[in-house]
Amino acid sequence: MIHAISVDVLWRTALHLLTRDGEETAPRGMKVREVRGATFQLTNPAANVLRDPRRKLNYYFMTAEFLWMLYGHHDVKTIAAYNSQIAQFSDDGITFFGAYGPQLATQLPRVITRLTEDRNSRQAVLCTWLPEALTRGSKDVPCTLTWQFFIRDDKLELHVNMRSNDAWLGLPYDVFNFTQVQRHVAHALGLGLGPYVHHVGSLHLYERHYDAAASILAAPAPVVTAVTLPVPTFPAPARCNEILTGLAARTLPIEVARAMIGEL
């Protein structure tokens with residue numbers, strides 16, 4: 001297991017691991033470097049915003065995707081307002097087959113109930129894998145399989161198991177989304193944060209990102225201040241569409257954004 005104190009360290013370590021030890025393979029005809037069975041532990045899940053200026057993240061999309069997911073959305077129109085490229089993964093142009101939102105909306109309350117009833121439970125598991133993906137032939141096959149929550153030492157841990165994770169494009173957004181859910185559940189249960197554990201069956205880097213990854217690793221890591229976000233307060237579902245609209249228009253009041261995810 002590779003330990004990291006922030007997502008910046010975790011991400012750079014993943015790129016190094018793939019560049020040094022990655023084996024070349026080509027699922028669906030696209031060449032990648034792959035490491036199988038990679039496990040990372042983020043010791044401070046609140047330090048979950050990648051700040052490396054050389055990897056320009058879309059923070060509006062990051063915020064919107066988290067809210068869109070947390071409140072059970074799976075429509076194309078809402079999230080495509082922040083990232084037009086994402087629409088290409090919908091089968092019908094209307095919804096996403098593999099979106100996590102519907103699974104979170106139905107299963108997360110049960111997870112919280114289970115942990116409330118038994119603080120030592122090993123059954124607080126949320127499943128986002130869809131078995132019909134093997135026969136459906138969708139463009140949006142879920143990458144994340146399970147989310148398992150533990151209360152240990154009066155802190156909430158989250159262990160996420162992924163079948164596949166693109167280190168360049170997906171990893172920074174995924175770690176942010178998953179740790180924000182961890183923080184949300186911890187807040188609901190009145191607990192502190194334990195570690196976040198990220199396990200990936202196939203951690204990979206696409207050929208088109210080889211040079212960019214090498215460039216980042218060739219230079220000293222930039223001096224960045226890891227963002228430790230405040231305890232998030234989440235808007236009621238009735239306000240979710242209003243907030244998403246404000247994000248899309250780049251007009252969301254800064255105090256609302258800070259309350260949700262801290263200062264970016």
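## Salt bridges, a first helix and the overall fold

Arg54 is partly exposed, with a relative accessible area of 31%; this class lies between buried, which is under 20%, and exposed, which is over 50%, using a 1.4 Å probe and protein chains only. The model is predicted, so local features need pLDDT of at least 70 and side-chain atom pairs count only at pLDDT 80 or more, while totals for chains, interfaces and linings use all residues. Residues are numbered from 1 along each chain as its sequence is written, and side-chain values use heavy atoms, with hydrogens and water left out.

The partner of Arg54 in a salt bridge is Asp52. A salt bridge is defined here as a side-chain nitrogen of Lys or Arg within 4 Å of a carboxyl oxygen of Asp or Glu. Side chains of opposite charge can pair when their charged atoms come close. Asp52 counts as buried, at 6% relative accessibility. The structure holds seven salt bridges, and the table lists some of them.

| Salt bridge | Closest N to O distance |
|---|---|
| Arg54 and Asp52 | 2.9 Å |
| Arg36 and Glu23 | 3.3 Å |

Helices (H or I, at least four residues) and strands (E, at least two) are DSSP runs, numbered from the N terminus. Arg36 is exposed, with a relative accessible area of 52%, whereas Glu23 is partly exposed at 46%. Together with Glu34, these two residues are linked in a network of salt bridges: Glu23, Glu34 and Arg36.

Asp154 counts as exposed, at 53% relative accessibility, and Arg119 counts as partly exposed, at 38%.

Helix α1 covers residues 7-21 and has 15 residues. From its first C-alpha to its last, α1 reaches 21 Å, close to the 21 Å expected at 1.5 Å a residue; the expected span is 1.5 Å times one less than the number of residues. Its buried residues include Trp11, Leu15 and Leu18. An α-helix has 3.6 residues a turn, so residues three or four places apart point the same way. Among the elements that the buried residues of α1 pack against are β1 (2-4), α6 (171-189) and β7 (192-206).

Gly22 is found in the loop between α1 and β2 (23-25), and Gly22 is partly exposed, with a relative accessible area of 23%. Not counting residues up to four places away in sequence, Gly22 touches Leu17, Arg33, Glu34 and Val35, a contact being heavy atoms within 4.5 Å. Gly22 and Leu205 are 183 residues apart in sequence but 8.5 Å apart in space, C-alpha to C-alpha.

The protein as a whole has nine helices and seven strands. Buried residues make up 49% of its 264 residues. Among contacts between residues at least 6 apart in sequence, 72% join residues at least 24 apart. The structure holds zero disulfides, a disulfide being a pair of cysteine sulfur atoms within 2.5 Å. Cys127 is partly exposed at 32% relative accessible area, and Cys143 is partly exposed at 28%.
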